[in-house]
Amino acid sequence: MVSIFNLKHLRDTKMAIIKARDVCKLPGIKAEVLDTQVWDTRANALVIHLDESRPCLSGTDGYNDIRLICNCYLPKDLCDYLHYSHKDYGDYLNDLKKEIASFYSVNTKEISMISTGVDMAELSYAFESYDKLWVCAWVTAGFKHNAMRIGVDKACGIEIEGEYQPCGTINIIAASNAKLDSATMASSFITITEAKIVALQDLDIHSSFNPKLQATGTGTDQIVVISGNDFVCRYAGGHTRLGELLAKAVTSACKKAFNLQLAKDPNYHFVSEQ
């Protein structure tokens, strides 16, 4: 069967949003999944819709005031086309951003986007609260091909001699009602990363490159943190209540997401030793 992506050029993409499905609602935040269609291929995206512009720190887009945060699923045919043709990846995401901006009546500059090869049917989320403070984390996880122990496994990159290798991604989006400045959001990346590693350790997920080694993540993981506006929290480390809630939510959501993959195949995270 010939892929549709061999027959058409991405600059002429026929893209449409089919419907939106609720995931969860929080004060000032609505999370939903958008079902989309690119030519004859179905895709989807998690959209975190904020009722007003809020500060956001993304490992992809940096620091901005944002209304929408999107985690976009790229089906295998589309992902293969984008990676193996070495072109148009940015064009596709820009086209999708325009469609989503139109659907929600926001400016494209108010949208932060990350992408994944994991269908949003496998999205997990967790909510934690204490008194008036709350945190929610949304996670998608793929790790079969490039789970690694950072700093131990050799960096090979995604591209090897002109060919792109299969990869997985652990994407984490976290939001709180606490008002966080850029420094606090930056430090929260440490807490989130540590919490992700706890989940990987607890489920005994190993490196795809060296199966005897404990994995600490994949080579393409992304984090997005969204500030609230209720009250100021300056610190997000483990000694603070914010850090505790953040870690609990991320670890819980990661475990749920990892278990969805492990349920498909108990050896999902192992490769044959050479």
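# A tour from helix α3 to the cysteines

Begin by selecting the buried residues of helix α3, which are T184, M185, S188, F189, T191, I192, A195, K196, A199 and L200; buried here means under 20% relative accessible area, while exposed means over 50% and partly exposed lies in between, with a 1.4 Å probe and protein chains only. What you have open is a predicted model, in which local features need pLDDT of at least 70 and side-chain atom pairs count only at pLDDT 80 or more, whereas totals for chains, interfaces and linings use all residues. Residues are numbered from 1 along each chain as its sequence is written, and side-chain values use heavy atoms, with hydrogens and water left out.

**Stop 1: helix α3**

Now widen the selection to residues 182-202, the whole of α3, which has 21 residues. Helices and strands are DSSP runs numbered from the N terminus, a helix being H or I over at least four residues and a strand being E over at least two. From its first C-alpha to its last, α3 reaches 31 Å, close to the 30 Å expected, where the expected span is 1.5 Å times one less than the number of residues. An α-helix has 3.6 residues a turn, so residues three or four places apart point the same way.

At the start of the helix, look for a side-chain oxygen of D181, which comes to within 3.2 Å of the backbone nitrogen of A183. Just after the helix, D204 has a positive phi of about 55 degrees.

**Stop 2: strand β3 and its partners**

Move to β3, where 13 of the 18 residues are buried, so that the strand is mostly covered. Two strands pair if DSSP finds at least two bridges between them. With β2, strand β3 pairs in the antiparallel sense over 10 bridges, and there you can find L34 opposite A45. The pairing of β3 with β4 is also antiparallel, over 11 bridges, with I48 opposite I69, and these two strands form a hairpin with three residues between them. Three bridges join β3 to β14, again antiparallel, and S58 stands opposite V224 there.

**Stop 3: E32 in strand β2**

Select E32, which lies in β2 (residues 29-38). Is E32 buried or exposed? At 5% relative accessibility, E32 counts as buried. Its side chain is joined to that of K30 by a polar contact of 3.5 Å, a term for a pair of N or O atoms within 3.5 Å in which, within protein, one must be able to donate a hydrogen and the other to accept it, and for which residues adjacent in sequence count only if both atoms are side-chain atoms. Leaving aside neighbours within four places in sequence, the contacts of E32 include A20, V23, A45 and Y104.

**Stop 4: hairpin β6 and β7**

Next, show β6 (residues 124-130) and β7 (residues 133-141), which run antiparallel and are joined by seven bridges. Y130 stands opposite L133, and the hairpin has two residues between its strands, with D131 in the turn taking a positive phi of about 55 degrees.

**Stop 5: two cysteines**

How many disulfides are there? The count is zero, a disulfide being a pair of cysteine sulfur atoms within 2.5 Å. For C24, the nearest cysteine sulfur is that of C136, 4.7 Å away. C24 is buried, with a relative accessible area of 12%, and C136 is buried at 1%.

Technical notes:
Contact = heavy atoms within 4.5 Å.
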